[in-house]
Amino acid sequence: MWYVVQVRSGTEDRIVRQCQNVIDAGVLERCFVPYYEERKKYHGTWHTEKRILFPGYVFMVSSQLTALHKSLQGVIGMTRLLGTGNEIVPLREEEIGLLQKMGVGEMPMKVSEGIIENDTVVITEGPLTGMEGFIRRIDRHKRKAWLDIDMLGRTMRIEAGLEIIEKK
């Protein structure tokens with residue numbers, strides 16, 4: 001099961017390292033911070049940079065919720081495991097599938113490419129392929145897209161790299 005832990009923004013990587021050192025490998029299968037790639041131009045050339053996809057959140061994979069919850073009490077800087085009300089809830093299979101389709105957890109989510117046809121964005125290549133319905137806003141100058149995805153009973157807005165290569 002995938003669980004989401006809320007942490008202070010800017011401390012995500014430190015929390016991951018701490019969890020890997022403190023929590024037994026039998027309890028915590030995987031702990032990671034999802035990243036996405038974006039392109040920026042400075043000093044006259046294009047650079048690919050890595051950004052945190054969900055600032056303030058760390059993802060954990062474990063099949064032992066009780067042991068995980070107890071082990072997390074020894075992690076300094078962790079805010080809380082996310083859930084609904086007082087109940088800690090793992091991500092649903094649809095949510096995990098959507099995140100895996102985008103490449104979350106494997107590597108930084110690559111920059112997608114697309115075109116604009118009749119004021120409609122069509123993704124032609126990359127992890128956002130087929131996710132046009134989630135896109136709420138694009139900025140062609142910054143080469144970014146903002147998407148609304150449903151996770152843990154709420155809508156979360158995320159940023160992703162998107163290069164619009166043609167407008168028809």
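User: In what order do the strands of the open sheet of four strands with antiparallel pairing stand?

Analyst: This is a predicted model, in which local features need pLDDT of at least 70, side-chain atom pairs count only at pLDDT 80 or more, and totals for chains, interfaces and linings use all residues. Strands (DSSP runs of E, at least two residues) and helices (DSSP runs of H or I, at least four residues) are numbered from the N terminus, and two strands pair if DSSP finds at least two bridges between them. With antiparallel pairing, the four strands of this open sheet have the order S2-S5-S1-S6.

User: At about what angle does H1 run to S5?

Analyst: Helix H1 covers residues 12-22, and it lies across S1, S2, S5 and S6. For such angles, axes are lines fitted to C-alpha atoms (for helices over the stretch in contact), and values between the N-to-C directions run from 0 to 180 degrees. On that scale, the angle between H1 and S5 is about 25°.

User: Why do the buried residues of H1 line one face of the helix, and within what arc do they fall?

Analyst: Residues count as buried under 20% relative accessible area, as exposed over 50%, and as partly exposed in between (1.4 Å probe, protein chains only). In H1, the buried residues are Glu12, Ile15, Val16, Gln18 and Cys19. Because the arc is that of the directions from the helix axis to the C-beta atoms, it can be read by looking down the axis of H1, where these residues line one face since they fall within 165°.

User: Which exposed residues does the face of H1 turned away from its buried side carry?

Analyst: On the buried side, the cover includes strand S1 (2-7), strand S2 (30-32), strand S4 (45-52), strand S5 (57-61), helix H2 (65-72) and strand S6 (78-81). The face turned away from that side carries the exposed residues Arg17 and Asn21.

User: Which side chain makes a polar contact with the side chain of Glu38?

Analyst: Glu38 is found in strand S3 (residues 35-42) and is buried, with a relative accessible area of 1%. Contact means heavy atoms within 4.5 Å, and by that rule Glu38 touches His47, Thr48, Glu49, Arg51, Val111 and Lys144, not counting residues up to four places away in sequence. A polar contact is a pair of N or O atoms within 3.5 Å; within protein, one must be able to donate a hydrogen and the other to accept it, and residues adjacent in sequence count only if both atoms are side-chain atoms. At 3.2 Å, the partner of the Glu38 side chain is the side chain of Lys144.

User: Is His43 buried or exposed?

Analyst: S3 and S4 run antiparallel, joined by eight bridges, and their hairpin has two residues between the strands. His43 is found in the loop between S3 and S4, and it has a positive phi of about 55° although it is not a glycine. Its relative accessibility is 77%, so His43 counts as exposed.

User: What positive phi does Arg143 have?

Analyst: Arg143 is found in the loop between strand S11 (135-139) and strand S12 (144-151). Not counting residues up to four places away in sequence, Arg143 touches Arg39, Trp46, Ala160, Gly161, Leu162 and Glu163. Although Arg143 is not a glycine, its phi is positive, at about 60°.

User: Which residue in S13 stands opposite Ala145?

Analyst: An open sheet of five strands has the order S10-S9-S13-S12-S11, with mixed pairing. Within this sheet, S12 and strand S13 (residues 154-167) run antiparallel and are joined by eight bridges. The residue in S13 that stands opposite Ala145 is Ala160.

User: What share of the 168 residues in the protein do buried residues make up?

Analyst: The protein has three helices and 13 strands, and its C-alpha atoms fill a box of roughly 55 × 35 × 25 Å along the principal axes. Of the 168 residues in the protein, the buried ones make up 45%.

Note on methods:
Residues numbered from 1 in each chain as written. Heavy atoms only, no water.
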